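Please take a moment with the sequence and the model before reading on.

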Amino acid sequence: MQNCIKLLSLSVKCNVRAISTTAPVAGKRNFRKFNVYSKRGTRVVKEAQRTMANPPVPIQKRGVRDTGITINGQYVEIPEKIPEIIVPDLTGCKLKPYVSYKAPEVVQSEFTSLDLFNAVYSEKIMADYKAGKLEADGSSKEPSENEQLTPEVALMRARKTGSDIF
């Protein structure tokens with residue numbers, strides 16, 4: 001019971017409320033959020049950064065990676081670390097680099113299986129029907145290359161890279 005009284009009195013003493021009339025910052029500012037990389041340090045620190053291999057304050061490189069390493073005070077360039085930028089030759093390209101915000105919005109409906117059938121087979125079926133080249137079961141007497149495919153070969157061609165470009 002006495003332990004409870006001691007804890008109670010301790011908790012009452014800890015919760016002391018006070019009113020402060022000074023500003024919360026009191027003249028202190030957090031300068032760590034202001035990144036002034038090349039201006040920090042005395043002349044001694046800057047000289048150490050130039051001469052020492054591992055200076056006490058490392059040199060801030062602003063996100064740029066080194067393209068080599070220092071061995072025995074000599075900087076050795078590594079060709080594999082130099083970025084190679086590959087740019088395509090765009091001479092004769094009719095495309096412009098800018099698309100205006102005034103360009104009309106393109107709204108396209110979903111491409112369904114019926115649309116695919118109409119795009120691939122409908123013209124051939126209509127031509128065969130008008131010429132009377134259909135069998136009694138509706139198959140063509142002179143099938144095209146696409147009509148002769150087995151389901152396995154058609155599936156393999158559909159899953160091949162670049163098959164969506166036609």
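A residue is called buried if its relative accessible area is under 20%, exposed if it is over 50%, and partly exposed in between, the area being found with a 1.4 Å probe on protein chains only. Two remarks on the source of the values belong here. This is a predicted model, in which local features need pLDDT of at least 70 and side-chain atom pairs count only at pLDDT 80 or more, while totals for chains, interfaces and linings use all residues. Residues are numbered from 1 along each chain as its sequence is written, and side-chain values use heavy atoms, with hydrogens and water left out.

Let us start with the whole chain. Helices (DSSP runs of H or I, at least four residues) and strands (runs of E, at least two) are numbered from the N terminus, and by this count the protein has five helices and two strands. Read from the N terminus, the order of these elements is α-α-β-β-α-α-α. Of the 166 residues in the protein, buried ones make up 4%. A contact means that heavy atoms lie within 4.5 Å; among contacts between residues at least 6 apart in sequence, 9% join residues at least 24 apart.

Now turn to the loop between helix 4 (122-131) and helix 5 (151-159), where Ser140 has its place. Is Ser140 buried or exposed? Ser140 counts as buried, because its relative accessible area is 15%. Apart from neighbours within four places in sequence, Ser140 is in contact with Lys124, Asp128, Lys133, Leu134, Glu135 and Glu147. Some atom pairs are also polar contacts, that is, pairs of N or O atoms within 3.5 Å, where within protein one atom must be able to donate a hydrogen and the other to accept it, and where residues adjacent in sequence count only if both atoms are side-chain atoms. The side chain of Ser140 makes such a polar contact with the side chain of Asp128, at 2.9 Å, and it also reaches the backbone oxygen of Glu142 at 3.2 Å.

If residues up to four places away in sequence are not counted, Asp128 touches Lys133, Leu134 and Ser140. Pro143 is 15 residues from Asp128 in sequence, and their C-alpha atoms are 9.6 Å apart in space.

Lys141 is also found in the loop between helix 4 and helix 5, but Lys141 counts as partly exposed, because its relative accessibility is 49%. The C-alpha atoms of Lys141 and Asp128, 13 residues apart along the chain, are separated by 8.5 Å. Not counting residues up to four places away in sequence, Lys141 touches Gly132, Lys133, Leu134 and Glu135.

The next stop is Gly68, which lies in strand 1 and is buried, as its relative accessibility of 5% shows. Which residues does Gly68 touch, not counting those up to four places away in sequence? They are Tyr75, Val76, Glu77, Ile78 and Lys81. Gly68 and Ile78 are ten residues apart along the chain, and 4.8 Å separates their C-alpha atoms.

On a 1 Å grid over the protein atoms alone, a pocket is an open set of points with protein on both sides within 12 Å along at least five of seven lines, and its lining residues have an atom within 4 Å of a point. The second largest pocket is lined by 16 residues, of which Met52, Ala53, Ile59, Lys61 and Thr70 lie nearest its centre. Helix 2 (43-51) and strand 1 (68-71) are the elements that give two or more residues to this lining.

Last comes a pair of rings. Aromatic rings of Phe, Tyr and Trp (its six-membered ring) pair if their centres lie within 6.5 Å, and planes under 30 degrees apart count as stacked, over 60 as edge-to-face and the rest as tilted. The whole structure holds one aromatic pair: Phe117 and Tyr121 are tilted, at 5.8 Å centre to centre and 40 degrees between the planes. Phe117 is partly exposed at 38% relative accessible area, and Tyr121 is partly exposed at 29%.

Methods: On a 1 Å grid over the protein atoms alone, a cavity is a set of points where a 1.4 Å probe fits but cannot get out, and a pocket is an open set with protein on both sides within 12 Å along at least five of seven lines; lining residues have an atom within 4 Å of a point.
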